[in-house]
Amino acid sequence: MSAAGHIDPSNKKVALLIAILAALLAFSETLGKSAQTEALSRNIEAANLWSFFQAKTVRMTTVRTALEQAEVQLPGASGEANQVLAKRIDDWRKTAARYDSEPDTGEGRKELAQRAKTAEAKRDRSLAAYHQYETASAALQIAIVLASAEVITGAGFLVWIAAALGVVGLSFTVIGYVAPTLIHLF
């Protein structure tokens, strides 16, 4: 085979490096999109729970206001009106307490606040993972470009930089999956 038809064996190694980097990039991008979708879902869940919390607060305030008015009227009531008002006051107290805490259904204000905070924590973890994956993707994309540039220029140091960036990209992908809040870059 002539010199013009000869394929440099180092180009095969660079091509393999590019293929590995591209595969890592695909994983990082897929995980990043998944984390982004999860963050959006958890944000919606938290917003819905906080809205439900606010609605319960309004209901509880309305019931407590009616309760306080009835308590003022109770001493002036007599006979059957007194008994009806006393029963209504007792019912309103129970309703206000139920609006504040309802462990059986998880729909009291205290339970809703806890559920919303849990959703926010999951959202924050997913956002942190997303940012790690984005950093990994950037490093891997640059690594692919540098490795490709080495094939054209023959500058061997570009392969080493590309490989180092590949390790950085892989590291950020693993961090995003295992411990996304470990490193805060942004």
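Here is a short briefing on the fold, the surface and one residue of this chain. The model is predicted: local features need pLDDT of at least 70, side-chain atom pairs count only at pLDDT 80 or more, and totals for chains, interfaces and linings use all residues. Residues are numbered from 1 along each chain as its sequence is written, and side-chain values use heavy atoms, leaving out hydrogens and water.

**Fold and dimensions**
- You will find four helices and zero strands in the chain, in the order α-α-α-α from the N terminus on; helices (H or I, at least four residues) and strands (E, at least two) are DSSP runs, numbered from the N terminus.
- The chain has a radius of gyration of 31 Å, whereas a compact globule of 186 residues would have one near 16 Å (taken over C-alpha atoms, with the globule rule 2.2 Å times the number of residues to the power 0.38).
- Its C-alpha trace spans about 115 × 25 × 20 Å along the principal axes.

**Contacts and surface**
- Of the contacts (heavy atoms within 4.5 Å) with a separation of 6 or more, 71% are between residues 24 or more positions apart.
- Buried residues (under 20% relative accessible area, 1.4 Å probe, protein chains only) make up 32% of the 186 residues.

**A look at Asp100**
- Asp100 sits in helix H2, which covers residues 79–100.
- Asp100 counts as buried because its relative accessibility is 15%.
- Leaving aside residues up to four places away in sequence, Asp100 touches Met60, Gly108, Arg109, Lys110 and Glu111.

Definitions and conventions:
Buried < 20%, exposed > 50% of the residue type's maximum accessible area, 1.4 Å probe, protein only.
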